Amino acid sequence: MKTNNQSKLFEKFTINRLTLKNRFIMSAAADNLNNSHDAQLKRFAELAKGQIGLIISGGTRTNKIAIWEDVINVVHENGGKFAVQITAESGPGIFMGNTTGNEDVVAVSELPEDHLYFKSLAPFVTYGKHHAATERELEEIIDRYAKAALLAKEIGADAIQIHAAHQNFLSQILSPLTNLRKDKWGGSIENRTRLHREVCQAIRKKVGNNYPVLIKFGAEDKVAGGLRFAEGRKAAQIIGACGYDAMEISQGLQNYSDWSKTPMHPNVQKSEDEAYFRSYCHEIKKVVSIPTILTGGIRSIPTMEQLLNNNTTDCFGMCRPFIREPNLIKRWQSGDHSKATCISCNKCLTELFLQGKPLECYLDEK
Ligand SMILES: Cc1cc2nc3c(=O)[nH]c(=O)nc-3n(C[C@H](O)[C@H](O)[C@H](O)COP(=O)(O)O)c2cc1C
Ligand code: SF4
């Protein structure tokens, strides 16, 4: 194995004007810590001390961006860089379990209660009252993304990331399963990527060309009737050319009846189980000119070196490994190159979303 001095993984990497100290990125993780300020500051200080190149916040609604100001300062004091992940504000099941059924929320399309979309996301997301967004509501959504990006810049975030993966609004508008629209936002792949492009343009008008704007992109749905990769690749090509500075690769709609149909595959043990979205990234990298971030089951240095060498990606996103070991990069830098100790059991996720517990590794808890 190469030493740190020889490995490109530990070299600086630049996205737009933002220079990262290495190619390791903490992928977004919701943390249930917004009401536990001190615990949240402690968590992000630890991550920054752990030498991660870029730390991405958990998905944050456009009207909640200001909550990150103190975290940003703490990350900077500890030598780190921070990006806010921005999500839309409403829609059926966009936010885990937020659909109470009482509030008539804005959605891409109106879907019946027995729709596969809701079945595939149970028990994390349930059916709720919703309506297809009007033209005006879509314009408002674009405006809210743009204002949120500007606020993130103003409070000191080094970058923002638009969430267009998993069950998010932008994944839903791209997916033929959930986008049933007959207007300029539905049908062709150009129409289904219109919101991604208009959001980017509106953000650029507010933050300028030199501010890093990333996107997390769902390349394929793991639900019957959803987005297939052939279309996902075309969408990536269109979105990759519209003004975003880097694209993190993940999947689109997920199916919680089987963890392997979600972005959080279980039991990532062998090297061939690692980097389970590598083929998406490898193919997308051929059709986009912006840097890519490959996320999903990245666990060991040899796998990453191989993926860098064969031009699969530029950077690596990890989420669960940093929940268990916030100091993982520091450990690797110190010469202990054994792979991440996270076993991908997903207890952190179920405790967080089903029990409302704070984000941490629950593997060793009886
Ligand atoms: C507890 C938890 C919370 C997550 N929250 C988010 C989120 O807010 N936004 C997002 O894009 N992905 C979220 N993810 C997905 C991760 O960013 C990542 O795509 C996925 O876990 C695969 O990477 P990994 O194998 O390194 O964990 C979350 C994952 C976990 C385990
Ligand atoms: S609970 Fe711990 S070991 Fe299990 S997936 Fe989460 S971080 Fe990894």
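**Around the two ligands**

Tutor: Let's start with the shell around ligand 2, to which helix H11 (320–324) and helix H13 (347–355) each supply at least two residues. Helices here are DSSP runs of H or I with at least four residues, and strands are runs of E with at least two, numbered from the N terminus. Please keep in mind that this is a predicted model, in which local features need pLDDT of at least 70 and side-chain atom pairs count only at pLDDT 80 or more, while totals for chains, interfaces and linings use all residues. Residues are numbered from 1 along each chain as its sequence is written, chains are lettered from A and ligands numbered from 1 in the order in which they are written, and side-chain values use heavy atoms, with hydrogens and water left out.

A residue is near a molecule if one of its heavy atoms lies within 4 Å of it. Around ligand 2 you will find, among others, Arg 320, Arg 324, Cys 342, Cys 345, Lys 347, Cys 348, Cys 361 and Tyr 362. By class, this shell holds seven nonpolar, two polar and three charged residues. In this scheme Ala, Val, Leu, Ile, Met, Phe, Trp, Tyr, Cys and Pro are nonpolar, Asp, Glu, Lys and Arg are charged, and the others, Gly among them, are polar.

Where does ligand 2 sit? Ligand 2 lies in the largest cavity, and "sits" means that more than half of its atoms lie within 2 Å of the grid points. A cavity is found on a 1 Å grid over the protein atoms alone, as a set of points where a 1.4 Å probe fits but cannot get out; a pocket is an open set with protein on both sides within 12 Å along at least five of seven lines, and lining residues have an atom within 4 Å of a point. The volume of the largest cavity is about 100 Å³. Its 13 lining residues include Arg 320, Cys 342, Cys 345, Cys 348 and Cys 361, which are the closest to its centre. H11 gives the most to this lining, with three residues. A volume is the space filled by probe spheres set on the points, which are joined across faces, edges and corners.

Now move on to ligand 1. H11 and H13 each supply at least two residues to the shell around ligand 1 as well. There are 24 residues around ligand 1, and Ala 28, Gln 85, Gly 297, Cys 319 and Arg 320 come nearest. That shell is made up of 12 nonpolar, nine polar and three charged residues.

An oxygen atom of ligand 1 is 2.8 Å from a polar backbone atom of Cys 319, and an oxygen atom of ligand 1 is 2.9 Å from a polar backbone atom of Gly 59.

Terms used: A polar contact is a pair of N or O atoms within 3.5 Å; within protein, one must be able to donate a hydrogen and the other to accept it, and residues adjacent in sequence count only if both atoms are side-chain atoms.
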